[in-house]
Every structure is written in C-alpha cells, then in structure tokens.
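Colleague: I'm new to reading structures. Could you walk me through this one, step by step?

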Amino acid sequence: MAVQERVSQTHSYERNKVSMFSRRDFIKMAGIMYGTAAFLGWRPDFPQLVASQAAATEIPLHSLENQIYTVCLQCNTVCGIKVKLLDGVAAKIDGNPYSPWTMAPHLDYETPFAQTGTVEGAICPKGQAGLQTVYDPYRIVKVLKRKPGTKRGENQWITIDFDTALDEIVNGGDLFGEGPVPGLKESYALKDPAVAKEMAAAVKAILTEKDTAKKLALVEDFKVKFKDYLDTLIDPDHPDWGPKNNQVVFNWGRLKGGRSDFINRFMRDGFGSTNTHGHTTVCQGSLYFAGKAMSEKLVDGKWTGGDKFYWQGDVRNSEFVIFVGASPFEGNYGPPLRVPALTVGATDKGLKYVVVDPRLSKVAAKAWKWLPIRPGTEGAMALALIQWVLDNERYDKVYLAAVNKAAAVAAGNPTWTEAAWLVKLDENGTPTTFLRASEIGLKEKEPRPLSTDPEKTYEFDYFVTLVNGEPVAFDPYADKPEDAVSGDLFVNGIQLGAFTVKSVLQIISDAAHEHTLEEWAEICGLRVTDLVEVAREFTSHGKRACADIHRGVSQHTNGFYNVLAWYTLNALIGNYDFAGGMIKLSTYDAAGGKPGQPFPLSKLNPSAMIPFGTSIIRHDAKYQESVLYARLPEDQRYPAKRNWYPLSSDVYQEVIPSIGDAYPYPVKALFMYMGSPVYALPAGHKLIEILSDPKKLPLFIAFDITIGETSMYADYIFPDTSYLERWEFNGSHPSVPFKVQGIRQPAIAPLTGEVTVFGQTMPLNMEAVLLGLAERLGLKNFGPGGLGEAGDLSHQDDLYLRMVANVAFGEKEDGSDAVPDADAEELRLFEQARRHLPKSVFDPERWKRIVGEALWPKVVYVLNRGGRFQNFAKGYKGNQVANQYGRLINIYQEKTYSTKSAMTGEHLVGYARYFPAPVDVLGRPVEDGAEYDLRLITHREQVMTKSRTSGNYWLTAIMPENVVLMNSADAAARGLKTGDQVKIICASNPDGVWDLHNGVRVPMIGKVKVTEGIRPGVISFALGFGHFAYGGVDFQIDGVLIQGDPRRTRGFHANAAMRVDPYLGNTPLVDPVGGSAVFYDTMVKVVKV
Amino acid sequence: MVVTSQEQDILLRMQDDLRRALEKPPHQRRWVMVIDLRRCIGCHACTVACVAENKLPPGVVYRPVLEEEFGSYPNATRRFLPRPCMQCDNPPCTPVCPVHATYRDENGVVVVDYAQCIGCRYCITACPYAARTFDFGRVYTDGTAEAEGLILGRSRADDYERVANFEYGRPYERLRGEESPIGNVRKCHFCLHRLAAGMLPACTTTCIGRATMFGDANDPDSLVTEMIARTNVIRLKEELGTEPRVYYLV
C-alpha cells in the first residue's frame, strides 16, 4: 500500500508539473493575444457595433494598473477579491485567482502577477455587492457625540472635532449635562508593569489556595504587601478582580488579525485591561470551545494549551459528508470555496451528502438525503450513529486502539485518542479521571524537566490501558517505535487495585446505549432506517467521509456535548488530518512569532503591561477559586449570581449583562468595535435596557460605519474605514487545507477624511482613535519608539507593513521560506494601481522606509497577490493533508470533568452524552406550556449577512424582506396562508416587540410563507432583516433631520422573541459549558395580525 | 487515494476554450451557454455580478434566477433556474424593432444598438423568455439622504453606479441626463466586451457552483461542446422554434 502510494505520488507530481505549465502557458498566451489585439485596434467581436457606435475603447478595468487584490469582508469567509478601479472609484469586484477561496485549484503563487489581469475567480452575490457597503449613503464621516441633554438612543447627534472628542473621553467631566462622567485616565490607575507582574503572581497564589481561611489570609497579606498601590485596585478586598484598568472594556464583533494586534496592544499591553472580548459565542462558541477542550495537551502533568479552534471537513476530497446544522451554500466558511466542491463533486465525482437540518436549506435541496431533525437533538443523532457503528464494528479499530503517538505513527495516523485509556469510576459508577500507573503500583512516577524551566522537574505519572487484559503503563506522547502501545477498546467496570475502571470507548458506548436506536430515532424525530443508512454510508468510505457541523449543533443549551458527540463520531473512523476527512486551518504568522521573522511584535512592545484579574465575563477562571466565593457563607455559594466560564472565552452575551449587573465589578467605559450585540444576539433587546442607562455604563464609545442598532446607544461614534479602505490579516477557516494569509489592504481613498495624530496625517478610523488615545494617555508602546528597536508606531502603516513583511519573510529562520522579489514590472504595477490613494494612505517612500529596502520587493510581491497562499499541490501529502493537527484528540476530557459548575457545584461531564434541551443556566428544563407550540429557529440567506448588508440595494432588490417559514400542516392548523402577517411571541416577550427605550416599539411581525421545506412544529426566519437603525430610520445630526431609507428596515427580526434565561433575566438561554448563545431552543406562538 | 492538482478549474479551462475561439473569425464561432441545473444553488451571484458589471439600474435585470419548491414534506426539494437571454438563432424580438436597433451580430449574439434604439419596447413584449427590460434612468441610491457633509450622502455614494460600464466595448457613463443606455431597452449580450478581452461573461466567471458554462460550440474540444452532447440537455420553450443558444443540463 505504502509503495503503491509513493508511486502514484510521483506520478501525480509529474502530472502536476504538466498541468501547471499549461495553465501558465495559457495565461501568458492570453496576455499576448489581448495585448496584440489592443495594439492593432482589432476588436474581434463587434465590428458592426464599432461601425455604428463610437469607436471601441480599451477597457481599463481589465488592466492591472487599475486593480488591487485584497480580501472581502461582506461576511467572514474572507474570499480573495480583486477591486477594479475607474478614476479612483471601485467599479467592480471579482475573485482573486491566487486565493484558494475563489478558484480550485487556485493559481500557483509563483504565477507571474502581470499575467493575471484578466483572470478572475468566483465570488458570491454579497461579495459582488460589496461596493454598496463601501459607498453607502448612510456611512458616517464625522465624529458624532450624543447631543447633550438627550438620552441614549434618541438618535440626536452633534458633530465634534476629533481631538476634542478624544480629550473628553480621556479626561471625562460633565459631558452630557448629566453629571460627571469618568474619563479613561481615571481608570488608567496601575501603570507600572513590574508592580502588575508582582500583583499578578500574588493573585495567582490567592486563587490556587484551596483552604478558605488561608485564602483570605493571603488577601490580607496582599493588602499589606501592596499597601502603596491599593488605590489602583477595583476593590482591595477582592484583589483577584485586578486593577481599575479592568473597568474599561473593549468588545468587538468581527475582528481580524492586524486590527486585533492593534487593539490588544492598546488595551492589554498599553492600558493594562484584561477586558478584551470577542463575539465568538453568538456565532458558534460551543463549537470552538469543544474544540479547545478536545485539543488540550498534557504539559508538565497538567491539561493545558488547548486551541480555541474547530475542525471542518475537507469536503473537496470527501466521498460522503454529513452536514449537521451547517449550510455550506449559504454560510459555513463558505460558499465560493465549498460550493464547487459539493456541486462538481456530486455531478462528476460521485460525492454523496446528507443534510441534517429542520429546514430545507438550499444545500438540503441538493442532498442525497434531507433529514429534518427536531432542533436540539443533534447530539442524540450522533450518539445513535455511534451506537450503530460500535455495534456493527464499523469503526477503525487500529486507530482507536492506539493510546500514544508511537502507536498512531506505526499505523500511519497523525492523530490518536483516549479510546483505550482507563478511567476511574466513582462510587456511583460515574467516570472521573484517568487511572495513573502509580495508583495501582504498575509503574512509579518519574521526575521530568518542566517545560517552562528545564532546571526544575515535575512528577510524570503514566497512564494505563489494558493490552489483552493486562494493565500496561504508557506515555501518551511517547514516539519511539518500541513505545507503541495499542490497548483493549472495551473494558467494562473491572477492578484494578482500589479502583473500578472502564475504557473510554466503553464509557462512550454506554452513553450511546442510554437509548435504543428506536428511542434515539424517536427523540430526533427521524426514521431508524435513515439513521442506519447514514451510519452505513459514513463507514463505507474509509477516511474519506466526515460529519461537518456548525451553528445548528452548537447554538443550543446542550451545544458543547452535541459538538463533542459529532466529533467523537468522526474519531470512530479516524478521519482527522486525512484528505476528505476532518481538518484544521493553517496560516502564515503575521505577528512575527516564528524564529527569524523580522518584526516580532510581542517583543517590540516597550513597557508592556501585565493585565491580570478576573474578566467581566469570568472566563478562564474558576468560581470556586475566587475570593468572592471564599467570602460567601457556604450555604449561599450556589448558584452564583451569574455563570462562570472556565472552559470558554469571548462570551458575547455576558459582556453587557455583566456590566448591567456589575458582576463581579462595575465597569466605567465600554468600547464596541464592529459589533452589534443588540441586533445580533438572541434576546438582544435586553441589552438596550442596560446600554440606555448611563448609571450602569457611564461611557459608551462605538466604532461603526453607520449608526447601527447598538452604536445608536453610544455616547460617541467614531466613523471607521470600510473593508476597501483598511488593513487586516484575515487568517483562515478549517474548511481550507492550505496554509494562507489573505491580506486586506487599502484599495480606495478613505471616505472618512483625515486626522493628525503623533504629527502624522492618517485616515480617520479605529486605529487613529487608539493612536490618539495612546498619545493622550502616554502609552509607551505607541508613538515615537512605540515599536522599540524597530522604530515608531505613529501611524497604522507602521504596524501593518511590518506584519506584511513577516508574512513575506515566512517561517524559516534562515529566510528560505521567503517569497520571491517582485520584478520591475510588478513594482511598477503596484505603484501605478495605487496612484489614486492619498499620501496618508499610500506613500511608496514611507512604506519602503518602514519595511526596509531588502524586504520591500517581497512585501510588494505579497501585496500584489492579496496575501500569501500555499500552492494547491503543497496542501496534501499522499492521502493526508499537509498542514496537520497531528496530536491527541480528547474524546474524554479529564479537565472538563475536573471543572465544577458555578451554578450547581457539580462536576461537568467530560465525554459525549445527550442532554435534552432547552434548560436554563441552572440546568432546569425550560417549559413554557402548551400555548407556545412552535420551535423558533433561524437561517441565513446567501444574499444577506447577519447585521451589515441591509444597505446593499442590489441584494435587497433580490430579497426585499424575510418571511416566517411555516410548514403547510402548521399553517393549515392555524388558518394561515402565505402572505398573512403574524406576530411572534414567547414567554419572555409576551408583547412580541423590541422596546428601543426611546419611545419606539418595533413589533416582530412577519409575513408567513407556507412551505413543505420545514419540519412541522418548527418555524424559521432569515437573519439580516428587520433593522431598526443602520440608515433605515430618521436621525438628527447638528439639528438636521436625516431621513432613513425604509428599504433597509424591511422584514422583521425575531431575536427579541428568543427566550431570556429565567434565572439570569437579562441574557438569552446559554450553553453554560461551551458558552454559546442559544438561537434554536425557544418555543413561541404566532398571532395573526 | 492521493490528492493531486491535476484537475483544472473549469473557469480556466473555459478561458482556454475562449482563447482558441477568439483566434477564429467571428462567423466560425458559435457562442453557447450551458447551465447545469444540478449545480445551480440559487445563490444569485450571477444576477448581482451582471448588475455590477453592466451597471444595471433598478428594474433592469439581465439574468434573474427563478426558484420553485416541489414535493411535499419531507419529500420536498427546491429548484433554481437562471434565465439569461437565450440568444435565439431565430429570435422573435428582433423583427419587431421598427428601427433595426436590435439584431443578431455576426457571431449570433442578439445585441441592442443603443444609438438606434428609440425605446418603444416592442421587443420586450415579443420576447417569450421575458429577457428584456427597460432602463428608466433610475439608480439604486435614489431616495437616499443627502445631508451634505454630515454623512457620506447620496451624491458622493452613487459614483459606483454612475461610472462607465463597457457594454459593447465602449464606455457608457450613467450621467444624470437622458443619455444611453437610459431610455433604451437592455438585455444580456453574453458580455461581449469581456469576451473581446478573452474573459468569460460575468455570470460565468462568478458562478460559485460552476453551473454556468460558456464557449464555442463549433470547437470540438470545448467544454460546452462536450456538455450539449449529453443526454440530459434541454432548452426552454423549444416548441416555439426560437432555437435558443442557452442549454440546460437537468
């Protein structure tokens, strides 16, 4: 087998060369042909028209002198695009053929740039309509301040000079006639990194102290030791809350690399706040954080270092795919990349796929099978399939038996699992932690050097598996062939020493057998025959099958365990890192983290602060370790006031409600960047109550390109540059096997105007604001010398061009991974294509100075191509992907088990199990009664992104409004027909309205569309419609009434009909483990209006 | 199984086909479009790409995508049908033009000579495929706020709608007056201006499902020639004898 593979690999390499040549040859030929034609004035196609109409003109859009390759941001798929310019106006957008997102295979990276002017990849309708996001009449171009004397949300604004606005934000004062507002300088309390470092260490000691009395004594010691700095703390009695700096929170929606480096440098390294939070949990949080738990590594005897990541299928090479709660034709990272793999795969390559979704999505319409599952039972379906696969022995025994790396390598597998590891059971038979060899006297612990300090050691304890019934000790990471251990897969409650143990696969099998197949089918609302057919098919293609999952799996109260169940199913066939199986993303490091890279940003960070303390969303922290917990009487500790999130982060729905509850501490100022939690989050209406109250949040600053549903409640809105006017490093998604780094760069002059900071002229945008604040606060990692030995950080380009240089240099210390130099023609085209940009944006001499002469031609090479993209052929090694995850996959999680809920005090479950949804944050079933008889879910349309494309008139012309999708049986039962208007109501919003707290109440009324394409008992609506700001409603600036465009508000937005958690009261239902905000577990009723 | 890059994206294959076709005299080419409905996902990328490429105003659409639902739950499905101009070999629309402004050009594409078109719209009613629409001179930003200096405003925002399109190989700026193509009947022309530059029609290039194929049916080696010889090929309303040059694979 191996020999055969090697032969065919060589063979294919030769063929690649041939095909590569012919493609290049073609582009060259096309270029020559067009050039000749143009020279001779020969128009091959319309001689008659040339005669009858004016003389044919050279079409400037086809020339690279008028094209800039960059990256889309109409959604987050980050497809490569080329922007075609006409007199400085972006006139048309098409796909960048170097980008693996838009062409398959994409052009080899070395394809001469000069030959690509007429070569285009495919992009989706939103990508095509991007011009309308950029040239949006309702874009704000001036700094706006809430008009003093008006309340938040009244939508009355005054324009304010950039510098004055920054002065007010830094210094505070009576800014709105409502009394004093604390400025940032009041919260910028702790400024000495050395003190911060010492405090952080002392706080760590407090947290890890298990004895309550000793813990509180350590707090007193802390207060003595840092007596001169107590005024820098939020509360000296709770030193674990950290410094006052933490009372400034930076929260973002869509944030990409570069800007994230900028924000973190400002907020964390500069200002010293620990409160920088993303929006992950509104998208697919429990997918990410199940991925994190599954990727935790054993380092120095502790489980740590899990990646916030997830896997997707390499569907281009799959023979069979199960899409669960995933909609690759409409979202799913994303259509231009994945659609051709599925459509061409199905017509030409025999690809089969099944779609598990309560709604007949477009991908379901093309599928081999559509399985309209009952929402919230996705994990049950996975366990049903697991049961069948185990009972019929259709799993990869060799893969699962490998307990360590050596055994995996011996079998040709890049990954391995804990399937054959032994787990101890407690007295109730509940699985707990892994059995260690020393516990049964099998093998002594051994001292090993600490990874952080090789001079010191820790005690490594071996794990245990059974081999033919005999216990064997092993090291999971042992990689020498002689250390390979393959264990028995099913060990069911045997006694070893003092312990009753089971193997992990037995534990999973038990979970899969909690119900019979018939019962599972009943729970899911599916047919047994379908489940069996899918399971058989899934196990009939070796490693070229996968279950690709997304929001529909993760955004439930049981999201974490649903995800774990599906990823466990994938593990049964061992498809991780295989072509056609489950893969991870891979990117070129732009931050300079690899040895030899020219600009290591983390080191070029003078006087960087050490942020410490519990975050406002209490992530990465254990409630039971907090001083807050220790100070509570024992009988009042549970439930906590709000949940803690030791296993997740970026818990979007926690940020504003926690500010509202001042839990664990009050917040003074909130920055919101490219986020609209009011619109995007389930039960987002509850945020309005908090945001509109300056007592709960004294200062609210937003960056936006229009006045949006959330920024309308801000005190200041700074206009930002759009995606065609700014820099970003776009990373990748796990749907892409290739190593990439798409770079967004300015393609048009900024429409926001210019400002001056640190003596430099620059576009008015988010970076300019942070630079201006840093200048006023005196942050040392900005301005002159802000990049340490690398120089100044006085302009956004100072950071971003160096990041481009890092990408261009590559990741080999000796520079052998660097891209080629741009040749003279490329350099000419580069400058020529940017001739319309002002000097504050593009100045070749300034740019060259920033990166240095040597790297400049490489930087140009990368920017001309819109980033860096690994060649197609390099993405695969034989039947595996080249960029591998390549390590232990935790299908049993000791760390998860060892975590206790802040709400119940119970251990979490560390493996795939089915927990019925919905439950509240305390784990109690949410039962609103028979009156609420329809399950509300959401979906995406290809022509609309969640919150930011309602002003794209080309798209709204195709789909002016959304509808309430309802099965014909449900419609008939309610006497409804297509076009009838209904109001959507749930137990926590009986009026069915958005109360904007400005006198306006927006009812959630939509038109019914009767369809056969949705499960009875379920209704769905498309996200992105029913706006109540974003240029759709009237507002005032400087007393001038500006009329909104009603096209932008059409349809309805039923997020406010999603269930508020009964215990929390101001937050949607949540997955308390994985952090997801819950979209799909609310029972509603519809009322005809 | 070994993954290789020996496959070529059909976008490149078709551009290669195009190059060969352009080497021939126009009358020896037979431009056809093939739309594989099994691959069409109803995303409307083609619709919007065409609007963007040709700067089409509200109400003017060269390439809508029609959608239908079939069956009953749970045995239901959805079908999507892109409908460009069929570029009929026997077009019902051209003979009704009183000023001969619309005709088949020498490689068979039904074109509109904007300079000759008087906007009578007879052709619109004559087309059995509803492939023609009239340009009333609107733009999508009509009715949006101006508020000079306070927001971007309508007149700064509409540049992208007013810059030239290059239909038929010449620039048509969309000025605020009545100049062509305002007041003309407009229709799909297979992006002749792009073909001349060796580029595929905008709808074809941006088809993320790779459902739309384009090329010279007189070239035995072209992708479209291969496709229209399939057994599952149909054309719309063949009974009318219009002889469409747009084929569908079902």
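Colleague: How many residues does the contact take from chain A and from chain B?

Modeller: Keep in mind that this is a predicted model. To read a contact, look at each side in turn: the contact takes 95 residues from chain A and 80 residues from chain B. On the chain A side, several elements give two or more residues, including α1 (2-40), α12 (335-348) and β47 (1040-1042) of chain A. The biggest giver there is α1(A), with 13 residues.

Colleague: And how do the residues on that side of chain A divide into nonpolar, polar and charged?

Modeller: You get 54 nonpolar, 24 polar and 17 charged residues on the side of chain A that touches chain B.

Colleague: What does the radius of gyration say about chain B?

Modeller: You compare it with what a compact globule would have. For 250 residues that would be near 18 Å, and chain B has 19 Å, so the two agree. Its C-alpha atoms fill a box of roughly 60 × 45 × 40 Å along the principal axes. Inside chain B there are eight helices and ten strands, and 55% of its residues count as buried.

Colleague: Now the nonpolar cores. Which residues have the most contacts inside the largest one?

Modeller: Those are Leu383(A), Leu385(A), Val804(A) and Val859(A), in a core of 407 residues. Helix α21 (residues 559-572) of chain A brings the largest share, ten residues. For a close-up, pick Val859(A): leaving out residues up to four places away in sequence, Val859(A) touches Leu801(A), Val804(A), Ala805(A), Ala808(A) and Val851(A). There's also a second, separate core of 15 residues, with Leu190(A) and Met199(A) among them.

Conventions. Residues numbered from 1 in each chain as written. Chains lettered and ligands numbered in written order. Predicted model: local features only at pLDDT ≥ 70, side-chain atom pairs only at ≥ 80, totals over all residues. Contact = placed C-beta atoms within 7 Å. Helix = DSSP H or I, 4+ residues; strand = E, 2+ residues; numbered from the N terminus. Nonpolar A, V, L, I, M, F, W, Y, C, P; charged D, E, K, R; others polar. Rg over C-alpha atoms; globule rule 2.2 N^0.38 Å. Buried ≥ 20, exposed ≤ 12 C-beta atoms within 10 Å, placed from the backbone. Core = buried A, V, L, I, M, F, W, Y, C linked by C-beta atoms within 7 Å.
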